[in-house]
Amino acid sequence: MPYPWTYDENIQVGTDYADVQEVLAYDRDMASLRDVAAEVEIVANALLLDADSTVWEIGTGTGEMALGLAARCSRVWATDVSPAMLEAARKKASARGLLNAAFGSGGFLDGFSPDHTVDGVVTQLALHHLPDFWKVAALRRIRSFLAPEGRLFLKDVVFRGDLVDYDGFFSDVVDQLRATAGNRVAGNTIAHIREEYSTFDWILEEMLARTGFRIVDKVAHGFPTDYTCVAT
Ligand SMILES: C[S@@+](CC[C@H](N)C(=O)[O-])C[C@H]1O[C@@H](n2cnc3c(N)ncnc32)[C@H](O)[C@@H]1O
């Protein structure tokens, strides 16, 4: 850590994704909520990937996106601060015979990273682990790995700035998740709202603009929002 005030991103906030039980349950929980193949397609299109493209995924979790993209492009670097998540991702990579995906210990701020600029960066449901000042540091670092016109796909939970009744909105989100994905996911969502660092859409959008990104597409899914951005 370069300075005594530097944020320690290796300490998990909210849900503990370094916990082996959490990691073992992760893919099953996500399968009840998400369509991985469709997400890979969306990200590959948003980043304009082809067989020669290079990609960095930050906060890869169990590696589903990184491995989906590795099957379609030349090289993927994938990083996470959770050793248990990385172990799960590496096991999948070797079971699927994907040798062009490198998984390493690192976060938004420091650690394992690509050894040159990449064509695209993807990060999903991870940036909110950093408080706002450090989100800007993370976006600056991401920007430094992209050439102009390089692309960033950012999915995260952001809070709509135009709501009046946030408690009503959060109650509906938690009830809906409990019904579709069960009590664990509902509990993790409550912890997310209470303890993690999701911010308002208008703050995140200003952060992107100030760190050298132009938003070219925004899709709000209710709780998470997808941003496709081009490096300026
Ligand atoms: C909710 S999971 C998302 C995993 C995956 N991207 C997905 O979409 O399913 C959040 C992940 O971010 C990781 N994480 C937390 N803080 C991080 C940081 N500062 N840098 C990189 N990854 C981080 C956690 O270890 C966890 O694997």
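**Walking through the fold**

Q: What share of the contacts between residues at least 6 apart in sequence join residues at least 24 apart?
A: In the protein, 69% of them do. Contact here means C-beta atoms, placed from the backbone, within 7 Å.

Q: What kind of model is this, and how are residues numbered?
A: This is a predicted model: local features need pLDDT of at least 70, side-chain atom pairs count only at pLDDT 80 or more, and totals for chains, interfaces and linings use all residues. Residues are numbered from 1 along each chain as its sequence is written.

Q: How many helices and strands?
A: Eight helices and seven strands. They are DSSP runs, numbered from the N terminus: helices are H or I of at least four residues, strands E of at least two.

Q: And the radius of gyration?
A: It is 17 Å, close to the 17 Å from the globule rule for 232 residues, so the protein is as compact as a globular protein of that length. The radius is taken over C-alpha atoms, and the rule is 2.2 Å times the number of residues to the power 0.38.

Q: How much is buried?
A: 37% of the 232 residues. Buried means 20 or more other C-beta atoms within 10 Å of a residue's own; exposed means 12 or fewer; partly exposed is in between, with C-beta atoms placed from the backbone.

Q: Now the sheet. What is the strand order?
A: 3-2-1-4-5-7-6, in an open sheet with mixed pairing. Two strands pair if DSSP finds at least two bridges between them.

Q: Which strands stand at the edges?
A: Strand 3 (101–105) and strand 6 (213–220). Each has a single partner strand, so one side of each has no neighbour in the sheet. The twist averages 15° from one strand to the next. Angles run from 0 to 180 degrees between N-to-C directions; axes are lines fitted to C-alpha atoms, for helices over the stretch in contact.

Q: How do strand 6 and strand 7 pair?
A: In the antiparallel sense, over seven bridges, with strand 7 at residues 224–231. Asp217 has Thr228 as its bridge partner in strand 7.

Q: What does helix 5 touch on the sheet?
A: Helix 5 (residues 132–144) packs on strand 4 (118–124), strand 5 (146–157), strand 6 and strand 7. Its direction makes about 145° with that of strand 5.

Q: And helix 8?
A: Helix 8 (residues 201–210) touches strand 6 and strand 7, and its direction makes about 155° with that of strand 6.

Q: At what angle do helix 5 and helix 8 cross?
A: Roughly 35°, with their axes coming within 10 Å. Asp132, Lys135, Val136 and Leu139 in helix 5 meet Ile203, Met207 and Leu208 in helix 8.

Q: Switching topic: what does Val76 contact?
A: Setting aside neighbours within four places in sequence, Val76 contacts Val55, Glu57, Ala66, Leu69, Ala70, Asn100 and Ala101.

Q: Then Glu149: buried or exposed?
A: Exposed, with 10 other C-beta atoms within 10 Å. Glu149 is in strand 5, and its phi is positive at about 80° although it is not a glycine.

Note on methods
Two residues are in contact if their C-beta atoms, placed from the backbone, lie within 7 Å.
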